[in-house]
Amino acid sequence: MTKRNALELKGVKKNFGRAEIIRGVNLDVHEHERHVIIGPNGAGKSTLFNLISGRLKVSDGSIKLFGKDIHNMPAHKVNRMGLSRSFQVTNLFQNMTVMQNLRCSLLWSEGHKYSFWKSVMKQDRVTEHAMALAEQLNLHKQADTPASLLTYAEQRALEVGCTVASGAEVILLDEPTAGMSRTEANDAIQLIQRMTGENTLVVVEHDLSVVFELADRISVLVYGEIIATGTPDEIRNNAAVQEAYLGTEVH
Ligand SMILES: Nc1ncnc2c1ncn2[C@@H]1O[C@H](COP(=O)(O)OP(=O)(O)OP(=O)(O)O)[C@@H](O)[C@H]1O
């Protein structure tokens, strides 16, 4: 049975001035899969994420989310259509507590405006859901702690929690284990696996042990082009990938 595509990129290009940074990317991300994008520094991974999430306009080509065109839609509309990009730590509400951050994302998923925040704060249902998420994130003991006082790893966990709480089916995570110790990174992978269950996940990641642990499929972006897409084993054994990027790291 053919798998439904959550995301479909066809001939996507992005120029900055005369520099062509994304050079005709074709990429299918299947529904429910964990798809990791790897590539050397400057390959264009962040730019690709910015194009998918609507932060940047494509210069050419198309991007579909569950069959609907989303390229050149503003980021908030792409988000409303079911795609959420992990907020960087700096985008958490730093002065708000863990619970308030989670509530905010839950309310966004239900379409409330932030201006209704105070009245809706009383809703027991939202509170219960936020507490359940805090427990899943192992942040329930810090439920009333402002985000700014959490450790770095806890902030990244909360960021994942808020992304999941926002109700998107497709989740983009940008280097979710960057700056973490090995133990923290392992915990973060487990948390991502636990929290994102049935979601479709697209992840940019540098740490190859994380990549091979997390990915159902991997795409390798080199110099603005995807040179290979496949299962972790296929990518490990792909001669072009080894030559262009992975080199001895695989071995
Ligand atoms: N707004 C911009 N204007 C001009 N050039 C840009 C812009 N954004 C990115 N670039 C250039 O595009 C190229 C790809 O950058 P990008 O950040 O997408 O790569 P990356 O694969 O995410 O790199 P890294 O792994 O180091 O984060 C780089 O040469 C960068 O300088």
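Biologist: Leaving aside neighbours within four places in sequence, which residues is L221 in contact with?

Modeller: Beyond those sequence neighbours, L221 is in contact with I37, G39, A43, G44, K45, L48 and I226, where two residues are in contact if their C-beta atoms, placed from the backbone, lie within 7 Å. Please keep in mind that this is a predicted model, in which local features need pLDDT of at least 70 and side-chain atom pairs count only at pLDDT 80 or more, while totals for chains, interfaces and linings use all residues. Residues are numbered from 1 along each chain as its sequence is written.

Biologist: And where is L221 found, and why does L221 count as buried or exposed?

Modeller: L221 is found in strand β9, residues 217-222; strands (E, at least two residues) and helices (H or I, at least four) are DSSP runs numbered from the N terminus. L221 counts as buried because 23 C-beta neighbours lie inside 10 Å, the scheme being that 20 or more other C-beta atoms within 10 Å of a residue's own make it buried, 12 or fewer make it exposed, and anything in between is partly exposed, with C-beta atoms placed from the backbone.

Biologist: Switching to the ligand, which residues are around it?

Modeller: The residues around the ligand are F16, I21, G39, N41, G42, A43, G44, K45, S46 and T47, a residue being near a molecule if its C-beta atom, placed from the backbone, lies within 6 Å of it.

Biologist: Which helix gives the most to that shell?

Modeller: Helix α1, residues 45-52, gives the most, with three residues.

Biologist: What about the largest nonpolar core, which members touch the most others?

Modeller: Of its 65 residues, L7, L48, L102, A134, L158, V170 and V202 touch the most other members; such a core is a set of buried Ala, Val, Leu, Ile, Met, Phe, Trp, Tyr and Cys residues joined through C-beta atoms within 7 Å. This core draws at least three residues from each of domain 1 (1-82 + 200-251) and domain 2 (86-167), with domain bounds that come from an automatic or database domain assignment.

Biologist: Take L102, what is it in contact with, beyond four places in sequence?

Modeller: L102 is in contact with A130, L133, A134, G161, C162 and A165.

Biologist: Zooming out, how many helices and strands are there?

Modeller: There are ten helices and ten strands in the protein. Its radius of gyration, taken over C-alpha atoms, is 18 Å, close to the 18 Å that the globule rule (2.2 Å times the number of residues to the power 0.38) gives for 251 residues, so the protein is as compact as a globular protein of that length. Of the 251 residues, 38% count as buried.

Biologist: Last one, where is E110?

Modeller: E110 is in the loop between α3 (98-109) and α4 (117-120), and E110 is exposed, with 11 other C-beta atoms within 10 Å. E110 and S166 are 56 residues apart in sequence and 8.3 Å apart in space, C-alpha to C-alpha.
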